[in-house]
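Please keep the sequence and the model open while reading.

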Amino acid sequence: MKTPNLILPLMLLALFTLPAQSQSATGYAPVNGLELYYEIHGEGKPLVLIHGSYMTIDGWEGLLPELAKNHKVIALEMQGHGHTADSNRPFSYTAMADDIAKTLQHLNIEKADVLGYSFGGSIAIELAIKHPEVVNRLIVVSSVYKYTGWTAPVREALKGFTETVFDDSPMKAAYEKVAPDKKHWHAFVKKMMQFDTQNFDLGTDNVKKITAPTLLLNGDNDGVDLNHTIEMYRLLGGGIFADMEGLPKSQLAIMPGKGHVALVEDFKAIAPVIEGFLGKE
């Protein structure tokens, strides 16, 4: 079965052999029964990075150092990913949003800008819904607030994977490099794949009530249904006639010629878009 481009971030971005990022601090936040791993890079206003499925922090490669030039970047590894051990707790967007809120509290950060990619984008949306007090500005990169926001071919492909599908991939090597329990690989992949195929909906009314100014950043062919992206943007106040009504607080950017992986790989193209949004008052 042919693998669509969407799945590649869920695998490839974590798979490349990447240079280690320089960091100013690393640690583990004791939150909700987990020891959640974080790295802090740079100085300035805090910016939280939430990775996609199967990724580690090194998967941010070029984007993280670019953002760290102007921000205090707090890069996280969510439950079961990278340094952060899995637990018996089911994967849940709500639970992981709670983990992030608790991690910020642990780091004595009252409020931060938040950027989530793919799987991490859905977590970021739930964070803005459930913990609006900690989110200053929200950036959702190639992600959805409900399962049907992914295109039908993506949803169909996800159902065909098994826990052994990545056994010969660099992703497994990346996991084994940092995971506290290297033998947990198959259990982690199986659990993540089951989660990736679960129907979910964070709620139209909930998205509409998000108070944080939000940037939706997508590729034009990244596996997210463009109708879903437009729907979400309208829920966030976009899609109006700005010449008469004024610009909304949220923004939409569709990058041409970009799939799911290529979008975040091209940090030179997306970093100015992100910085322009974060710098907007």
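## Residue R155 and the basis of the model

R155 is found in helix α5, which covers residues 152–158. Helices here are DSSP runs of H or I with at least four residues, strands are runs of E with at least two, and both are numbered from the N terminus. The model is predicted: local features need pLDDT of at least 70, side-chain atom pairs count only at pLDDT 80 or more, and totals for chains, interfaces and linings use all residues. Residues are numbered from 1 along each chain as its sequence is written, and side-chain values use heavy atoms, with hydrogens and water left out.

R155 has a relative accessibility of 22% and so counts as partly exposed. On this scale buried means under 20% relative accessible area, exposed means over 50%, and partly exposed lies in between, using a 1.4 Å probe and protein chains only. Leaving aside neighbours within four places in sequence, R155 is in contact with Y147, T148 and W150; contact means heavy atoms within 4.5 Å. The C-alpha atoms of R155 and M244 are separated by 40 Å, and the two residues are 89 apart along the chain.

## Helix α3

Helix α3 has 14 residues, 93–106, and reaches 20 Å from its first C-alpha to its last, close to the 20 Å expected at 1.5 Å a residue. The expected span is 1.5 Å times one less than the number of residues. Buried residues of α3 include Y93, A95, M96, A97, D99 and I100. A101, T103 and L104 of this helix are buried as well.

At the N-terminal end, S92 caps α3, with a side-chain oxygen 3.2 Å from the backbone nitrogen of T94. Such a polar contact is a pair of N or O atoms within 3.5 Å; within protein, one must be able to donate a hydrogen and the other to accept it, and residues adjacent in sequence count only if both atoms are side-chain atoms. Just after α3, N108 takes a positive phi of about 60 degrees.

Strand β5 (residues 112–117) is largely enclosed by the rest of the structure, because 6 of its 6 residues are buried. A112, V114 and G116 cover one side, while D113, L115 and Y117 lie on the other.

Strand β3 (residues 45–50) runs parallel to β5 and is joined to it by 4 bridges; two strands pair if DSSP finds at least two bridges between them. L47 has D113 in β5 as its bridge partner. Strand β6 (residues 135–141) is also parallel to β5, with 5 bridges, and Y117 is partnered by V141 in β6. From β5 the chain crosses through helix α4 (residues 119–130) to β6 in a right-handed β-α-β crossover. Right-handed means that, with the strands pointing away from the viewer, the path from the first strand over the helix to the second runs clockwise.

## Aromatic pairs

The count comes to 11 aromatic pairs. Rings of Phe, Tyr and Trp (its six-membered ring) pair if their centres lie within 6.5 Å; planes under 30 degrees apart count as stacked, over 60 as edge-to-face and the rest as tilted. F119 and F195 form an edge-to-face pair, 6.3 Å centre to centre with 90 degrees between the planes. This pair links F119 in helix α4 with F195 in helix α7 (residues 185–196), 76 residues apart. Both F119 and F195 are buried.

W185 and F188 have ring centres 6.3 Å apart and planes at 55 degrees, so this pair is tilted. They are 3 residues apart in helix α7, separated by about one helical turn. W185 is buried at 2% relative accessible area, and F188 is buried at 1%. F91, Y93, F119, F195 and F200 form one aromatic cluster.
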